[in-house]
Amino acid sequence: MELDWTAYKVFDSNSGLPQNTVLAIGQDDFGFIFVGTERGLARYDGRAFEAVPLGESSEPVRAISNADHALWVGTDSGIWRLAEDMARPVHIAVPGVNRFLPSTDLMWVATTVGLWRCAYADVRSDRRCERIEATRELGIRSLLADGVDALWLGTNGQGLRRLVDLRGVPRLDDFHFDRDDGVPNNIVISLGTWRGDLWIGAGRGFARLRDDRLRVWSAASGLAPAMAFDFDAGEDGMSVAMRPGGIVRVDAADNWYSQRGANGLPDDNVQVLFRERHTRNLWIGTYGGGIAREERGRFAVLDQRRGLPDRAVVGLGLIEDQLWVGTPRGAVVWQDGAFVPLLPDAYADLHVRAALRTEGGERLIATDRGLLLQRSDGEVVEYTVDNSELPAVAANDLARTGGIVWVATSHGLARWTATEGLRGMRDADGLPDGAAIQAMASDSVERLVVATDKGVWRWQDGRFEPARDACVGRLAINDLSIDRERILIAARERLVAWTPGRGCSDVPNSPKGDGWTHIRHKPGGFAASNAQGLWLVDERGARLFGLDDGMPSRELARGNTLAIDASARVFVGTHLGVGALRDVQIEPNRPAPLRLWASLADGTPIASGTTLSRSEASVHFRYRLLNFDREHLHRYARQLSSIDSSIVRDASAAESDYVRLPAGSYQFRVWGADADGTESGPLTFSFTVAAPWWQRWPTLVAGAALLLAGGVLVGRLRTRALQRRAIELQEQVQLRTSELAEANQRLAQAALADPLTGLRNRRYLTQIQSDEEERATRRTRAGDRHADLVVVLLDLDHFKHINDQYGHPAGDAVLVATAQRLTGVARAGDAVLRWGGEEFLLLMRDSDRGALVEIAGRVLAAVHGDVEFGGRRIAVTASAGVVAFPVYRRPDAGLNEAIVIADGALYAAKRNGRDGAVAIHNDEQIWIKRPWIDSSSSS
């Protein structure tokens, strides 16, 4: 198949970038990624971008380099040098910085007022940077070393120059290359090298200099007029950042192609290319769309930008390894490097649901209005319910066994052959007449399995035979796939491997979950989907792919929307486009850098070896694995000696809190594992919590000595006085202890509360979770109808729009008002949590699952309404997902799984138009819309 793609993960202002205009990308000694934007510098730690202040203003950052165990940052006003702690950046007055080029003992700096060199020694002195007099009249845009004693200089109007005698008095030699010599433009923006050749990026294209011969790529080569801003030399060729024009890739044979917005880039204006040193992933900075990072093991999205008529997919598959896609606006097939119409214009409005090639080389195509036969000469023959024995108006699926093509409909099965044409299957063929075909699968050895609303049948010896295994008849089957001796079944409740005559079993290595909709076998395993996403299962185990992995949507569209080609490439169809994934074996990375920070409850950083007082005995740990590849799959393990009895493993959270630690010595250890399972660590952090002053041995010894001396010298009367004093001291100690306990309690409560809304946070759930699970499960099993724990996960609609239109203070006011409204609708004993961002979680105890609709309506009605802020009225609506715990027919499911189900229901509510809720009652999905309680309907 010619279809090829690059998968990108996009970071923009929604991900925490200060601004979407990216001018520079770099990496420091520790492995952090730094990004320069029009509004300053940001650091990425694998979880979020954090602004790094440079002085008092946020000016554009145009260059970043790592040298001298520090980060060098170039801005319009000069250079900032950031050492390890990032707290005291040193400013060096070298104006208009464009590029850095580090060498062994100094940094070369290209500026708008010539070339400068800065010595690494005496880092706090402005005088360590001097301008090269020979370049005083040049504006330098780019730099590249030419051996050990010369530099290539790309200038801002005088073409390409060369600086020599770097170890003495640098001077410009006679080399001068500009437009008269064939360079596309006299503004040389970038320079690069690949296989010994010099690459020159100019204002109207780029060129390669090899043995004094120039090869130019410009408008004359088919490129749009564009500036070449950066180069990246890969194993297979050179990549060029073009503005506009995306990325142009040139191979060893000088063939080129471009990647632009249609290929997944967030913006066609590419400014910078950066190769991260650990995973070697390519980071792409754009001028208006943030960052795109090439990522392995990630879905790419094929939609209208790649030529689909519509992003909603109604069918998808392979015709002899050619990908075809059916949409509501027509069907296309990938051919000669592009999607082209699958059918002639007269049939362009049909919804194509399945397609295959017959033994004779013709195409059979199942559509919403019947079956089409497309001959090699382009002629189309229609089979409809009116002119043939097609059992229903729509043909839903196709399968082939030898020369027979089977056609599935909602009112029965038909078969097509080259000699007989199309005829319906009836009772005489062994298949009940009019049975609705729910799923169908065939293989290369002419096996056919059909699941209907009246049972499961197999085609054998010229007729259909019912399945004899009772286990199959009890399944609600959504999809089938034949794999050697086994027939894989995607049933609503579970994934099943059926061996005819031997019964059913769970598919080996199959993940936990239900609601399975699709299944296909692939080399060494299978792919299956449910509401969580797409699962790939093989000898490596079960891997889930969802939104974080580039899936357009977590759920596949109904019908034939999952396909796997001979190269194990996976294609999924959703309502937001086609997802394409290369399922290749990925070599594990070497261990990545792991960083650990510790701070007190008030955020004050502490160093390893610190002794803490009793009032400081609450410690927060933050740790990051600096591997920038599928970061959402990173896992951490940690242990605090004397507190954690064993290592706490497989935690995705990268932070830990320990509150009100008792006196003693502690050692905290943390490990990190990347997406491939490669482990780093452990890192260790040691600290001590001091005992209270009244428990320290000098105080105890002194007190005892004082009492003994008083008894000997003063006698009985003095002893009584001392006893009274001892009582007073004890009361003071008890008072201090009580005050300290109250302070510790306040700290503990603060750790469990959201500082903005005052609601409980996620940490609070971990404290009550096991008790709530036990309470609801025990009482439900005892037959109590009012013992359910109703889970409501609620998300404010269009909250980003509120922040953008009214400002973040207004957004905060909306969150506070929502918290108050939810608290008002909650009963005593219910828990209201701020789940994160604009999401809230309600746990409503002692409820009846039969009242889910009423509960959801009451919650939505409480939130719905305007919030006044700054004299303006802000309309507030919300969407919610609702489910009852214990989870219906899943006795082993915990509260976390109920929250996942509620999250899926919330997602469905968003898709249904927002301002409503989806409740999962038993196996039924109920859509609750305004006016909520009175207008609910099942779907």
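This is a predicted model: local features need pLDDT of at least 70, side-chain atom pairs count only at pLDDT 80 or more; totals for chains, interfaces and linings use all residues.
# Notebook: strands, cores and rings

I started with contacts: among those in the protein between residues at least 6 apart in sequence, 52% join residues at least 24 apart. I then looked up the overall make-up and found eight helices and 73 strands. The C-alpha trace spans about 120 × 95 × 60 Å along its principal axes. Of the 939 residues in the protein, 52% are buried.

**Entry: the cores**

I went for the nonpolar cores next. The largest nonpolar core here has 37 residues. Which of its members touch the most others? I got Val792, Leu794, Leu796, Val814, Phe840, Leu842 and Val859.

I clicked on valine 792 and left out residues up to four places away in sequence. Its contacts are Phe840, Leu841, Leu842, Met844, Ile855, Val859, Ala880, Gly881 and Val882. There is also a second, separate core of 28 residues, and its members include Ile899, Ala902, Ala905 and Val918.

**Entry: aromatic rings**

I looked up aromatic pairs and the structure holds 32 of them. To describe such a pair, one gives the distance of the centres and the angle of the planes. I picked phenylalanine 621 and tyrosine 658. Their ring centres are 6.2 Å apart and their planes stand at 75 degrees; over 60 counts as edge-to-face, so that is what this pair is.

Where do the two sit? Phenylalanine 621 is in strand 59 (residues 619-625) and tyrosine 658 is in strand 62 (residues 655-658), so the pair ties together parts that are 37 residues apart in sequence.

Buried or exposed? I checked phenylalanine 621 and its relative accessible area is 0%, so I wrote down buried. Tyrosine 658 has 7% relative accessibility, and it counts as buried because the cut-off is under 20%. Both residues belong to one aromatic cluster, made of Phe621, Tyr623, Tyr636, Tyr658, Tyr666, Phe668, Phe685 and Phe687.

I also looked for charges over rings. The charged end of arginine 43 sits over the ring of phenylalanine 32, 4.2 Å from the ring centre. I noted another one at tryptophan 835, where the charged end of arginine 762 sits over the ring, 4.0 Å from its centre.

Tryptophan 457 stands opposite proline 466 in strand 45.

The other sheet I followed is open too, with four strands in the order 29-56-55-54 and antiparallel pairing. At its edges stand strand 29 (300-302) and strand 54 (562-564); each has a single partner strand, so one side of each lacks a neighbour in the sheet. Neighbouring strands here are turned by 20 degrees against each other on average, direction ignored. Strand 29 and strand 56 (residues 577-582) run antiparallel and are joined by three bridges. Valine 301 stands opposite glycine 579 in strand 56.

**Entry: strand 8 and its partners**

How many of the residues of strand 8 (residues 78-82) are buried? I counted five of its five, so to speak a mostly covered strand. A hairpin of two residues joins strand 7 to strand 8. Strand 7 (residues 70-75) runs antiparallel to strand 8, with five bridges between them.

**Entry: asparagine 922**

Last stop: asparagine 922, which I found in the loop between strand 71 (916-921) and strand 72 (924-929). With 30% relative accessibility, asparagine 922 counts as partly exposed. What does asparagine 922 touch, not counting residues up to four places away in sequence? I found Arg849 and Tyr888. Arginine 849 is 73 residues away from asparagine 922 in sequence, and their C-alpha atoms are 8.9 Å apart in space.

Note on methods: Residues are numbered from 1 along each chain as its sequence is written. Side-chain values use heavy atoms; hydrogens and water are left out. A nonpolar core is a set of buried Ala, Val, Leu, Ile, Met, Phe, Trp, Tyr and Cys residues joined through side-chain atoms within 4.5 Å. Buried means under 20% relative accessible area, exposed over 50%, partly exposed in between (1.4 Å probe, protein chains only). Contact means heavy atoms within 4.5 Å. Rings of Phe, Tyr and Trp (its six-membered ring) pair if their centres lie within 6.5 Å; planes under 30 degrees apart count as stacked, over 60 as edge-to-face and the rest as tilted. A charge sits over a ring if NZ of Lys or CZ of Arg is within 6 Å of the ring centre and within 35 degrees of the ring normal. Two strands pair if DSSP finds at least two bridges between them. Axes are lines fitted to C-alpha atoms, for helices over the stretch in contact, and angles run from 0 to 180 degrees between N-to-C directions.
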